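User: I am new to this structure and would like to learn how to read some of its features. Where should we begin?

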Amino acid sequence: MPTTGLPTSHRLLACLVALIWGVNFLAIHASLDQFPPLFLVALRFTLLAIPTILFVPRPQVPTRWLVGYGLGFGVLQFTFLYTGMAAGMPAGLASLVLQASGPFTLILGALLLNEHVRGRQWLGLAVAAVGMTLVGFSRAGAAQLLPYVLVLLAALGWALGNLSSRLAKPPNPLHLTLWMSVVVPLPMLALSLLLEGPTAIGDSLTTSLTAEAMPAWIGLAYTVVIGTILGSGIWTWLLARHPAGVVGPFSMLVPVVGMATAALALGEIPTVLEGVGGVIVVTGVLIGALNHKTRRRKVDAAGVVPEPAPLVGAADLR
């Protein structure tokens with residue numbers, strides 16, 4: 001973990017953000033016990049969008065990239081992430097598989113934006129792909145391949161959002177992150193009504209005012225206030241003061257925290273193959289990320305993890 005140029009207090013803040021975003025997957029898990037996944041996404045981003053419209057200045061970026069970021073990062077990522085977790089993807093493992101957003105961003109950036117990719121970045125991508133394949137084999141053997149594929153698609157959605165964020169070039173990345181939430185509620189509510197139905201939505205709301213539903217509301221509050229506003233705020237503050245190549249690799253602590261806390265709180269113990277695959281994935285992402293020269297660059301931050309360099313990904317989030 002590179003720490004050059006980071007004072008101790010800032011390293012601790014970066015670790016705090018990784019802790020916040022790792023625990024966020026437990027919060028999502030708790031909320032999914034009460035609300036249908038698509039409706040939960042709509043609810044989450046509605047709670048973010050209302051204060052954003054009232055109190056946060058609109059970012060000075062082209063509308064098409066703001067909408068593209070919202071559709072990729074917000075709609076696609078969280079549709080597949082929440083649906084995958086609701087279908088059985090363990091919270092801790094979801095925090096790991098979402099790291100595929102980094103390699104996906106690398107590939108899409110090269111193909112669609114003609115971004116230069118160094119040889120070491122391709123090596124890191126290949127190593128990460130081996131790790132993801134091992135995790136996929138383990139999930140297939142456990143008859144849980146579909147949730148795994150859904151979370152992979154969530155990582156792809158995040159990567160597509162990353163491209164829009166890069167093209168937007170926001171002067172204040174946190175404002176873009178918050179205003180992205182304005183794009184999400186209406187399409188997600190429409191999808192929820194179409195696919196989950198008004199009965200499921202109504203039942204989840206009418207039973208949400210009970211003691212049994214309290215963990216779901218606590219999880220939702222954590223995701224909105226702690227995971228997105230506090231976590232993204234600290235991360236953006238750090239990126240404004242230090243090179244992304246120095247700050248970004250701290251995001252690789254997110255799946256470590258996610259899998260550890262899921263094991264402690266939910267009893268989710270990864271298989272040997274998943275554990276080995278996870279170590280390989282983290283290694284691959286770090287190989288690509290650490291190759292970057294430490295230069296000052298503002299990067300997007302969001303509810304789970306930033307996109308400071310093509311191979312540093314992953315938290316809806318996360």
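Analyst: Begin with a term: a residue is called buried when its relative accessible area is under 20%. The model here is predicted. In it, Y69 and F73 are both buried.

User: How are the rings of Y69 and F73 arranged?

Analyst: A pair of aromatic rings is described by the distance of the centres and the angle of the planes. For Y69 and F73 the centres are 5.4 Å apart and the planes meet at 40°, so this pair is tilted.

User: Where do Y69 and F73 sit relative to each other along helix α3?

Analyst: An α-helix has 3.6 residues a turn, so residues three or four places apart point the same way. Y69 and F73 are four residues apart in helix α3 (residues 63-86), which puts about one helical turn between them.

User: How many aromatic pairs does a search of the whole structure find?

Analyst: The search finds eight. One of them joins F35 and F39, a tilted pair with 6.3 Å from centre to centre and 50° between the planes. F35 is buried, at 2% relative accessible area, and F39 is buried too, at 7%.

User: Which residues do ring pairs link into a cluster?

Analyst: The cluster consists of F45, Y69, F73, F78, Y82 and W158.

User: What span should helix α7 have?

Analyst: Helix α7 (residues 145-168) has 24 residues, so at 1.5 Å a residue it should span 34 Å. Its end C-alpha atoms are 35 Å apart, which agrees. Just after α7, K169 has a positive phi of about 50°.

How values were computed
Residues are numbered from 1 along each chain as its sequence is written. This is a predicted model: local features need pLDDT of at least 70, side-chain atom pairs count only at pLDDT 80 or more; totals for chains, interfaces and linings use all residues. Side-chain values use heavy atoms; hydrogens and water are left out. Helices (H or I, at least four residues) and strands (E, at least two) are DSSP runs, numbered from the N terminus. The expected span of a helix is 1.5 Å times one less than its number of residues. Rings of Phe, Tyr and Trp (its six-membered ring) pair if their centres lie within 6.5 Å; planes under 30 degrees apart count as stacked, over 60 as edge-to-face and the rest as tilted. Buried means under 20% relative accessible area, exposed over 50%, partly exposed in between (1.4 Å probe, protein chains only).
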